[in-house]
Each structure stands twice: as C-alpha cells, then as structure tokens.
Amino acid sequence: MPKVTIDGITIEVPEGTTILQAARMIGERNRADRHVVPPAMCYYSKLETSGGYCRTCLVKVPKGSDKDPRPMPKPVPSCRTTVMDGMEVANTTDPTLIDARNGVVEMLLINHPLDCPICDQAGECDLQDLSYENGTAASRYEFERRTFEPIDIGDTIKLHMTRCILCYRCVKVAEQLTDGRVHGVINRGDAAEISTYISQAIDNDFSGNMIDVCPVGALTDRTFRFASRVWFTKPMDAHRDCDTSGCTGKVVLWLKGDEVLRVTGRKDQWGEVESFICNTCRFGKKDLAAWTVEGPRNIDRHSVIGQGHYTLKRVQPVLTSPAPNVPELAKRKELKDR
Amino acid sequence: MARKLLFEHIDKPGIRGLEGYRANGGYRSVEKALRTMAPEAVVEEVKKSGLRGRGGAGFPTGMKWSFLAKPVGVPRYLVVNADESEPGTFKDRYLMERIPHLLIEGMVTSCFALGANTAFIYIRGEYFHVARILEQAIGEARAAGWLGRNILGSGFDLDIHVHVGAGAYICGEETALLESLEGKRGNPRLKPPFPAVKGLYQCPTVVNNVETIAAVVPIVNDGGEEYAKIGVGRSTGTKLISAGGNVKRPGVYEIELGLPCDEFINSDAYCGGVDGRAFKAVVPGGSSVPIVPYELFLRTAAGEPRLMSYESLSDGGFVSGTMLGSGGFYAYNDAQCIVRSTWNHARFYHHESCGQCSPCREGTGWLDKVLERLELGEGRAEDIDLLWDIQRKIEGNTICPLGDAAAWPVASAIRHFRDEFEYHVTHRQKVKDPRHFEREPFRRAASPQIA
C-alpha cells in the first residue's frame, strides 16, 4: 500500500486513493490533524467524475514518489490526483500555495453577491467557511457583478444562479441519481449558467439531493424558504421506512419546537451527505409523527451554525489594512450613549 | 532560397485536385509506407526526424505516437486538430485551402503507423468553406482508392470524417476538442488520463495539428534523418509562419527553423520590414505567447542574435524570451498602443473561457475590465499591480492552458512596457483619443536592458 506524507504527517492508504481522500483519512484518524485536509467546493466523494473545477483543493507536490522523486511543476487538484508511494504533499506548509488558494477564493467571490443576510444557506454554506478561512476582509473587485434572475425549477427547488460557483455537483446528481437529466450548463465563461432544458421543470424522485450537494445558496429548498435561519432550528437525526428504491430514509429533521421546518440528508464532517434521500422523505413528510427520532445531530464544522464555538484551522495572516479596533470604538462616548 | 517541403508545389496549377497533386508526386509516401514499411518503422522515421508538434506546444511527435496505448480489441483514433483559432494564426487554413491532399496523404500514412482505421478532422466552424474543400478532396481520394477498404491491397482500411466545430477557441485544446467531437460541451478534461490512453470515446487517441501531420509526408518520402538535417538543434525541419501586423509583406511563409529573426522580419523574401514607421514590439507565435520589444526579438538578453527556433525564441525564459508557439507572427509599429492590444487579447480570452474552473472563468473577466478602464482613460496607478496580481493567480492554477494563455500576454506587456501602462494613468485625457499614439508615438525613457 502506498505511503503518502501530507504536511509532515504520514499515512498508508489503499492503491488508487486520491490525495484529498488520504488527507481526510488523516483527519479522521486524529482530529488534531484536520488542518492537512484541503477545502473542496466541487468534489463530492459520492458523485463520480466530480471535482477538479473549483481549484480550491490545489496542493503542491514537492516529491512525486519514491520511484520518481521529481516535484510536480504546477499545483495539482488533490481531489483528482492519485497518491504514489513516497509522495510528499504540502497543503498548509507552502506559502506560495496558500497565496494561490487565497487567489482562487478571491476569484470565487468576485461575482458572488455576498447576500448572506438574506440567503437560506447562510450558516451552513461551504463558501462562507472557505472565505472565513482563506479569504480577505475586503474585495479588490470594483465592477458590476454578474447577476441572474432567480427562477423556480419545479415546485420545490429555487435556483439563484447569481450565487452559483459552477461546481457541477447538481449536474452530476441529475446524471447519476435520476433518470433523464433535464438540466445542465449553458453558455460559456463567466456567462455560464445552470439551466433547465427549455425551462423544463425538474421533477423526479431524487432531484432534491441537488439542494444538499450545492455548496452555496444557489439551489435552495422552496418549502423552507425564509422560514428560519438555520441556527435557530434544532437538528435531529431521524428515520422512517421508505419504500422508494434507493432511499435509506435516514435524514436530519430541522425542528422549531415540534414543527418540522426542513428535512435534509445527514451531512458528515466533510459536508457530504451519508446517503441520498428521496423527495417524499424530503418534501412530503413535514410531520414529526411520520419519523422515528434518534437524537440530536452533532454539527461541528460550520462557521456560523457553530454559534461562536468555531475555531480557525490555521492562524489567519495579518491583514494589510487592519480592521477597526472594536473595543476602542465602544469606549467612545457617542456610541455608548446610544 | 530556403528549402520548402510542404509548399514546394503549392503554386502549381491544379494542385488542389487529386490529378494535379498526383502529377507532382502526391501520395508517394502512402505507396512507400504501405508497400515497403512496417507501421513501427514509420513511427521510427518520425522519431528520427525530430518533428515537434506544430500546434504550439512543440511536443516531440514521435514520442507522442510511441505513448499511444495499444490494448487488443480496442480501436485507436487519429484526430487532426484543424481548430486553428489562435489569434494571428492562419497557416493551416492556407495549407488546407491550397493543397488539401497533402493533409489527407499525411493522415493515411500516420494512421497506418498508428494502426488507426478511423480518423477525424476537427475543423473550426468559421472554416466552413475549407471543410467543403476537404470533403471534396476526401471524396476524390476515396474514389481513387487512397481511402476506404484495403488501400493499395495492403489490407489497411481507413475512413476520414470531417467534423465542423461551432466556434469556440477552447475546442482547440485537445481534450475539449475530443469532448466536442463526442457531441458534448467543449470543456477540457482533467489530465491524466491523457488522450494517448483514454481519448475519443475513451479509446487511445493521437491528436495532432494539421501542419504536423502534413510534415509526415516529406519525412516518410525522404527519411527522418534527411528531415532532421534541416533546422538547428532540437528544432528540426520547416515551419509555417503566418505573418501579420505592421509588416510590408504579410502572408504565410515556410521557413527553415533556425532562420535569423532579423532576416525573417526585414528581408524582402519574408516580411519585408516595417510598413513605413518603426517597429515597436513582436508577438512571434500567436496571441498566447509573451510579447517582446523589437530589440529583444532581434537579440537575446545576452546579445546573441535570435533565431526562429523553439529554443532560441524562448531563450531568457519569461523574463526576456518568448515562444515559437503556433507560428502566428505579428509585429507592432510605434503607432500601436500596447495597452489597447493587451486589452484586446484579454477581451478575447474572457469571451473564450469555458467557465469550468474558477481562476480562469472569473480572472479573465476581471483582467478585461481593468484593462478596459486603463485604456479608456479611467485607470489608476494601482491598477497595474492589480493586473499583475490577477494574472499571477490565474497562471498555473487552471485545468487547461487557456488560463496561462490569458495570463502571459498581460504579464509580458507589463514586464516590458510598464512605462506605457503608467503613461495611461498619467495622461488620461490623451489616451481617451483611440488613436493616441498614431499622432504622437510613445517615446520610451530607456531602451530595454540588453547586456
């Protein structure tokens, strides 16, 4: 079995494992080592051929393998690069790579509306986490941002193309979980958009999983729209006997009191659902009596939903223009009197 | 006069048709290869010739061919990349328009060497009339038995299909081309696997430029060693250069690699010098390669005379060198504005980015907008460093080379012509006139550093 060293931590992994999977194995072995795991916005282990697009998981490979120790000339996408025996990988230990990753995050944000205050995804958004860890406080982009009108695709899903980062995950869901893909990417470059084929509504048993795989607020649940901020809801693991083939019936209920506001798949520590669920479970069973509740769901990863218990994986570099000193401001009389 | 291999007979009457082509020694390489050579021997000749990919990257063709996987029972394909969309490049069009049978002959010989029984020509949509010419030529060749079943009684079968693209620069990238050929969205694939292992329809595939395949004809006819005698060092053979811009005699020239740059740009046999003003800058290999000041085009930073070859043009790396690229040569005179030209390039890459990976999708648009602001007299001093930073964050971080191609022209323009960018910030009113350097050429404070 090949041995790979990521940021100085060595692990032995099965043949054919990617760098990202190996890093996650290190993180699962010891929580303290989770800093070696590169962020991933488009890769999804449960979807074939996903990954490679967003470029946030880029890593440097200073040593290719024992057999061929030459360094790889360019940063490589860790989600799609297979480990070789003796490979050495730098994730957080290479300053040029951190610079490149910060660049990718900046690029992802220049056309993003940053409308988190009115976005249903806020609090469980991968892009929020990513920019919290790798972004800067201000953008250097001063031009008009690309915008699209939000559209309904089917009666349960809302598409806010403006927020999309084109990770292609939802396209892969449609390709691999449902029959007869009716949506995909049209147009090119920064005008590319997710769209349904001649505005056809997406209507099949597993379409709701597009909402779960969406790393941002581009695809949201219309039945949960503006119902609550996610951090005001209580996530509970629950299950039911579902007779849709392919659905495990294992879900998370997001409760406010006894009211089921939303049903989603169970997301693991890497933000991926453990199993896909059908639309009946997701949209059709908003009644607590329909479910066997297992207990509270532990959410540990997200920046906002952690309610102040969130810690950065690494120390942020000092910003060139420091943010105003808040305690200083609070001392000022006119602010105190207000 | 230098030797010509591809264009030797290009001005003969009737060369476009099979009869005229045959009368000038056409299809000799097919006869030689199929009757007297083993496929491996043809590959060996190509290796010996030192032929390098003529599409831009300059990868040794023989080596590419020898990487082709040969699993039993799986078809192999040859795909000819005729999606010639690099701005400034029009050599393949000229070849296909004038002498289409040369390409077809090269394809038959190459397919025989590679063991491919189906080949495709992926031609850009804007070359629709050229696709017609090719189809007509393929029809003639098939009727005469140069294509189809059991060619020359050797038991070798080959069919060639022409596929017309729909107008995307990105489909010139080999894996995007294959996706497009399969009928999908033209997005580049992640590599590995390389097309030599999993290409068209997941089968082993060789993708080569039109000129590369055409060059196989003289290599098989005269032998690889004979071909390798032309040129200098690892740049062997002849190269088609499409010259444009502010030169007296624009056109497509076949040159022996190693021709001095000074001779190419100033001699009447080629470009014939500048069109009445003074040369300012040169882009020798298509819009993606770094732009260099005229002085650095003639001589390297070390003061050596520069030659038209892969090695000599890239001497000095990105700091003072450039690349031979696809041979889309164009020169600027002192009336041209480098900022405007850079903006034009950036606009092109912005329009042509496929949008798959984030640095290129977002970064190309950003470059375009900042350059637009500078050129239209709305720029600020910090914009120049901003541009530098954006291109730095695109380069090397994308799936395919389009990101690099978008970044390099911006980087080189700032590196060599920073003073001109600064002029755009300090003389905002002047640059609002679109022909600002035509009336009053930009005077550089100092000529570029040549040791």
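**Close-up views of a two-chain model**

**View 1. Helix H2 of chain A against helix H16 of chain B.** H2(A) and helix H16 (residues 358-375) of chain B pack with their axes 9 Å apart, at an angle of about 65°. Axes are lines fitted to C-alpha atoms, for helices over the stretch in contact, and angles run from 0 to 180 degrees between N-to-C directions. Helices (H or I, at least four residues) are DSSP runs, numbered from the N terminus. This is a predicted model: local features need pLDDT of at least 70 and side-chain atom pairs count only at pLDDT 80 or more, while totals for chains, interfaces and linings use all residues. Residues are numbered from 1 along each chain as its sequence is written, and chains are lettered from A in the order in which they are written.

View 2. H2(A) contributes A:Gly103, A:Val104, A:Met107, A:Leu108 and A:Ile110, and H16(B) contributes B:Ser358, B:Pro359, B:Glu362, B:Gly363 and B:Trp366. Two residues are in contact if their C-beta atoms, placed from the backbone, lie within 7 Å. By class, six of these residues are nonpolar, three polar and one charged. Ala, Val, Leu, Ile, Met, Phe, Trp, Tyr, Cys and Pro count as nonpolar, Asp, Glu, Lys and Arg as charged, and the others, Gly among them, as polar.

**View 3. The contact of chains A and B.** Chain A supplies 25 residues and chain B 23 residues. On the side of chain A that touches chain B, helix H2 (residues 95-110) gives the most, with six residues. That side of chain A has 15 nonpolar, four polar and six charged residues.

Methods. Helix = DSSP H or I, 4+ residues; strand = E, 2+ residues; numbered from the N terminus.
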